[in-house]
Amino acid sequence: MHVLETQAKAPGKVNLYLAVGNPREDGYHPLATLFSSVNIYETVTARDAQELGITLSLNIVPDSLVDQQHRAGEFDPAEVPLNEKNLAYRAAVAMVQARGLTVNDLNLHLHIDKAVPVAGGMAGGSADAAAALLAVDQYLYEKRLTERTLGLEELLALAAPLGADVPFVVRAAFPLGGLAVGEGTGTELSIVELPEDMIPLDIVLVAASEGLSTPQVFSELDEGRTAGRYAEAGELQVPSGLLHALTQTETPIARLHEVGRQLRNDLQAPAVTLAPELETILTMDNESIVEAFVSGSGPTVAILVEDAPAADELAAALRRRGRHAVATQTPAAS
């Protein structure tokens, strides 16, 4: 019997800029952020199953940051909920319901190939959701349960309620927007057009032994600002100088250092407060390092380096020292 199977992948991200305002009355923080996709992907496969409804399974991508955490005994796949609490499951349900169907109309299994760390500030769960939206959309179409696949704007409408990072990752997965300015809570996106000959940034991603709770990091920021431990909220705007430096194609070294000079993350200081061991990576001395910064709410650290060979060498050196590290590029190649 033929088993129908569709597959989609979606990238993780780093925030090259993240300015956070004071909380609104609804508790959400207004943001100005620069999302940049990375060449590390979550893959979701949708296939026919025997069991009624939606079931999930998970596999770890070999040699990924997640695999390194797992081999060190610092990540247990069993801790990932394979039920309605999983963002991929919720995305699948949202897609099914948007097409006028119910979960009980399907015998659907979703398999996740995991490479982006959990609770690492890299949108791993959001990438699962984005990939699930795309895979299930295609599955329903090929199953002839729908007459067409959804357009980008329809997908974004489903993505926004799933999480602040999901709309960006959907765009990056298309791939139409590997670099985007996010405003509001991060869901109001303006895509940054990239020159065809743009050279991506070479970075090393270093995963921590334990994740950080995003709400806890935001709470620490708010408490710290009130107590005067952190700088007050500034202007919520991504600098045009940073966008110009990222998208120019000349003077590579000068460009790198201009990018490094303009990186910002208001959540970095509270993340370091909650996970002091991050300071060791952030202040590491290596001649190829341009700048190091926490991605999103952390605790993953991204290290901007001069070129790909330097990134490979640094990642290997960190792994020899017991760190979890991979060399990659941002924005991700489309």
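1. Arg144 sits in the loop between helix H3 (124-142) and helix H4 (152-159). Helices are DSSP runs of H or I, at least four residues, and strands are runs of E, at least two, numbered from the N terminus. The phi of Arg144 is near 65°, a positive value in a residue other than glycine. Arg144 is exposed, at 78% relative accessible area. Exposed means over 50%, buried under 20%, partly exposed in between (1.4 Å probe, protein chains only).

2. On the source: this is a predicted model, where local features need pLDDT of at least 70, side-chain atom pairs count only at pLDDT 80 or more, and totals for chains, interfaces and linings use all residues. Residues are numbered from 1 along each chain as its sequence is written, and side-chain values use heavy atoms, leaving out hydrogens and water.

3. Asp63 lies in the loop between strand S3 (53-60) and helix H1 (65-71). Its phi is near 70°, positive in a residue other than glycine. Asp63 is exposed, with a relative accessible area of 56%.

4. Which residues of H6 are buried? They are Val217, Phe218, Glu220, Leu221, Gly224 and Arg225. Down the axis of H6 they fall within an arc of 155°, so they line one face of the helix. The arc is that of the directions from the helix axis to the C-beta atoms. On the other side of H6, Pro215, Thr226 and Ala227 are exposed. Just after H6, Gly228 has a positive phi of about 85°.

5. Gly298 and Pro299 are joined by a cis peptide bond, omega about 5°. Pro299 belongs to the loop between strand S9 (289-294) and strand S10 (301-305).
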